[in-house]
Amino acid sequence: MHGPGFSGWPAWLSVVLCGASGVYCLLRTRGCAGAERRAAAGEAVMGFGMAAMALPAAVLSPPVWSWAVYAVVFGAAALGALSGVRRGGHHLHHLVGSSAMVYMAVAMAAPAQGAHGGHGGGGIPLLTGVLLAYFAVYVLRSGARLVPVGVPGAGPPPGGDARPEFTRVCRLSMALAMLAMLVAL
């Protein structure tokens, strides 16, 4: 997150995982329609945005205004997810993820409170803790769902996604990156 606590290989791993997830989700939009297509597009935006936010400061020192751009983009994504929450599905997770990205962008734009040397303010510890707990539970649940328990050779589940485990892995990767970014906040 452009600070001393999030650099080196953890930052690069987050960039690669989130960027790859964004590419996969973008490609997934071509093979689906309707709500599934909108969800895949939202996940692609989230993946690319997280990859950009995770770039180490040594590579890219973002201008001050970039945090406002992140907040607006993810705020719009949160509003889009909010409209879909009533329909259920994965929209609530999109809302939490987009809201967490807005929170991190605002925290990074805030003036430093202490000896961080010009880096963001670090956020509100209680809110950061709640988000950490949410994403930790999400990661554990998603990881458990990847363990095969079905009948081998049963074929793809109904709904059009021939490889739903790839979608789950992308979501799991982004949730893991979100955990790392929140810890570094």
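User: What makes Val 23, Leu 26, Leu 27 and Phe 48 a nonpolar surface patch?

Analyst: In this predicted model, Val 23, Leu 26, Leu 27 and Phe 48 make a nonpolar surface patch of about 350 Å². A patch of this kind is built from residues with over 30% relative accessible area and no salt bridge, with nonpolar side chains joined within 5 Å. Helix H1, residues 9-28, gives the largest share of the patch, namely three residues.

User: Why is Leu 26 called partly exposed?

Analyst: Leu 26, whose place is in helix H1, has a relative accessibility of 46%. Buried would require under 20% and exposed over 50%, so a value of 46% puts Leu 26 in between, as partly exposed.

User: Which residues of H1 are buried, and what do they pack against?

Analyst: The buried residues of H1 are Ala 11, Ser 14, Val 15, Cys 18, Gly 19, Ser 21, Gly 22, Cys 25 and Arg 28. The buried residues of this helix pack against helix H2 (34-54) and helix H6 (164-184).

User: Why does Arg 28 count as buried?

Analyst: Arg 28 has a relative accessibility of 9%, and because the cut-off for buried is under 20%, this residue falls on the buried side.

User: What makes the pairing of Arg 28 and Glu 43 a salt bridge?

Analyst: The N to O distance between the side chains of Arg 28 and Glu 43 is 3.1 Å, and a salt bridge needs a side-chain nitrogen of Lys or Arg within 4 Å of a carboxyl oxygen of Asp or Glu, so the pair qualifies. Arg 28 lies in helix H1 and Glu 43 in helix H2, so the pair ties together parts that are 15 residues apart in sequence. Glu 43 is also buried, because its relative accessibility is 3%, against a cut-off of under 20%.

User: How do you know that Arg 171 and Glu 43 meet in a salt bridge?

Analyst: The side chains of Arg 171 and Glu 43 come to 2.5 Å, N to O, and with the limit set at within 4 Å this pair also qualifies. The pair links distant parts of the chain, with Arg 171 in helix H6 and Glu 43 in helix H2, 128 residues apart. Salt bridges that share partners join Arg 28, Glu 43 and Arg 171 into one network. Arg 171 counts as buried because its relative accessibility is 18%, where the cut-off is under 20%.

User: How many helices and strands does the protein have, and what share of its residues is buried?

Analyst: The protein has six helices and zero strands, and 40% of its 185 residues count as buried. Among its contacts with a separation of 6 or more, 72% are accounted for by residues 24 or more positions apart.

User: Where is confidence in the model lowest and highest among the helices named, H2 and H5?

Analyst: Confidence is lowest in H2, at a mean of 88, and highest in helix H5 (residues 125-145), at 94. The protein averages a pLDDT of 82, with 82% of the residues at 70 or above. Over residues 114-119 pLDDT stays under 50, and there the model has seven contacts beyond four places in sequence.

How values were computed:
Residues numbered from 1 in each chain as written. Predicted model: local features only at pLDDT ≥ 70, side-chain atom pairs only at ≥ 80, totals over all residues. Heavy atoms only, no water. Helix = DSSP H or I, 4+ residues; strand = E, 2+ residues; numbered from the N terminus. Buried < 20%, exposed > 50% of the residue type's maximum accessible area, 1.4 Å probe, protein only. Contact = heavy atoms within 4.5 Å. Patch = residues over 30% accessible without salt bridge, like charges linked within 9 Å, V, L, I, M, F, W, Y side chains within 5 Å. Areas by Shrake-Rupley, 256 points an atom, 1.4 Å probe, with all protein chains shown as cover. pLDDT = per-residue confidence, 0-100.
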